[in-house]
Amino acid sequence: MSQTRAGFIAVVGRPNVGKSTLINALVGARVSITTPKPQTTRHRILGIRTEEAVQMIFVDTPGIHVGGKSAMNRMLNQTATDSVRDADCVLWLVQSGRWTDEDAEVLERLRGLRTPVGLIVTKVDLVKAKTELMPFIAELSQRRPVEFVVPISATRGSNLESLLEELRRTLPESPFLYETDRVTDRGEHFRMAEIIREKLFMSLEQELPYAITVEIEADEPMDDGRRHVSAVIWVARDSHKGIVIGKKGARLKQVGSEARRALQAELGQGLHLQLWCRVKRGWADDERALASLGYDLPDAQ
Ligand SMILES: Nc1nc2c(ncn2[C@@H]2O[C@H](COP(=O)(O)OP(=O)(O)OP(=O)(O)O)[C@@H](O)[C@H]2O)c(=O)[nH]1
Ligand SMILES: [Mg+2]
């Protein structure tokens, strides 16, 4: 039997550049939530693609960002940096035609890294004049030597095969590291909580989403074959609770029904979903509270 290849591919880039969308497209399943808002992903999440002879383990990471001094913000940047250190290959994502201070911060964190880095230029579908892409790519390749460059559109699925071809070449010979039918390392309750957070994130304005997290509190079979799921939305302040609940409970109701539909589609099972909003003061800046809510805290800051 010929030798198989397998390895970890860290996907890094500033918030909103398209990391999670790309991983979902490559894995062929929604392993990580995506929204139009920056700082959607908050955990290291694995998305696994197993082919006949290659297993690609994509590591989704929180977007590396500038500013924000809370424990939560430090944790997000540290999680992304740790994932790079442990990877066999790094995909460095930059959005077509857009270079920001946060991209410079990402580049800074890749400095001195010996792991092969591939530059992925995302969202090419948004660029009208494709001729502008070449000089942009040339400029980026000068900022850092890279193993390969692939411009893609994850939402349209363009050029993903070229990227996969590069990865097949780059990953080391190794036995498979996960069972062939696994698509993620995360359990069902984590994925359910994330889907609820995605719907909340979409519904809330501006700053508020960052001070919110979701926890599945109960999950029981019902007599009619459905599941009864109860989830807590944790907020950091009393004033946030009113916003999440909305006028006469309108927002919670709307988020609840959107989340229920998405969860039913994901689980292939009927669901009775109950959402609660509770206050845990200052949780986003309290490392112990973060840990108790399932955030992986880095050892060193
Ligand atoms: N037009 C277009 N939009 C895209 C593409 N890829 C991602 N997006 C959109 O960009 C937004 C952010 O995508 P995400 O995948 O959540 O970005 P991310 O890098 O994971 O963001 P964080 O988790 O916040 O760091 C979403 O609205 C996506 O639909 C693409 O190829 N083309
Ligand atoms: Mg993400």
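Predicted model: local features only at pLDDT ≥ 70, side-chain atom pairs only at ≥ 80, totals over all residues.
Trainee: Which residues coordinate the magnesium ion?

Mentor: Ser20, through OG, and Thr41, through OG1, coordinate the magnesium ion (ligand 2) at 2.0 to 2.2 Å. Donors are N, O and S atoms within 2.8 Å of the metal (3.2 Å for Na, K and Ca), and water is not among the atoms, so sites may look incomplete.

Trainee: Where do Ser20 and Thr41 lie?

Mentor: Ser20 belongs to helix 1 (residues 19–27), and Thr41 to the loop between helix 1 and strand 2 (45–50), so the pair ties together parts that are 21 residues apart in sequence. Helices (H or I, at least four residues) and strands (E, at least two) are DSSP runs, numbered from the N terminus.

Trainee: And Ser20, buried or exposed?

Mentor: Ser20 is buried, at a relative accessible area of 7%, and Thr41 is also buried, with 7% relative accessibility. Buried means under 20% relative accessible area, exposed over 50%, and partly exposed in between (1.4 Å probe, protein chains only).

Trainee: Staying with helix 1, at what angle does it pack with helix 5?

Mentor: The angle between helix 1 and helix 5 (residues 160–170) is about 80 degrees, and their axes are 11 Å apart. Helix 1 and helix 5 are therefore roughly perpendicular. Leu22, Ala25 and Leu26 of helix 1 make the contact with Leu160, Leu163 and Leu164 of helix 5.

Trainee: How are those terms defined?

Mentor: Axes are lines fitted to C-alpha atoms, for helices over the stretch in contact, and angles run from 0 to 180 degrees between N-to-C directions. Angles under 35 degrees count as roughly parallel, over 145 as roughly antiparallel, 65 to 115 as roughly perpendicular and the rest as oblique. Contact means heavy atoms within 4.5 Å.

Trainee: Changing topic: what span should helix 8 have?

Mentor: Helix 8 (residues 250–267) has 18 residues and should span 26 Å at 1.5 Å a residue; its end C-alpha atoms are 25 Å apart, which agrees. The expected span is 1.5 Å times one less than the number of residues.

Trainee: Which residues of helix 8 are buried?

Mentor: Leu252, Val255, Gly256, Ala259, Ala262 and Leu263 are buried in helix 8. They cover an arc of only 140 degrees around the axis, which puts them on the same side of helix 8. The arc is that of the directions from the helix axis to the C-beta atoms. Exposed Lys253 and Ala265 are on the face turned away from the buried side.

Trainee: What do the buried residues pack against?

Mentor: The buried residues of helix 8 pack against helix 6 (188–203), strand 8 (227–235), helix 7 (238–245) and strand 9 (271–279). The axes of helix 7 and helix 8 come within 5 Å and cross at roughly 60 degrees, and that makes helix 7 oblique to helix 8. Ile243, Val244 and Ile245 in helix 7 meet Ala250, Arg251 and Leu252 in helix 8.

Trainee: And which residue is in the loop between helix 7 and helix 8?

Mentor: Lys248 is found in that loop. Lys248 has a positive phi near 50 degrees, although it is a residue other than glycine, and is exposed, with a relative accessible area of 89%.

Methods:
Residues numbered from 1 in each chain as written. Chains lettered and ligands numbered in written order. Heavy atoms only, no water.
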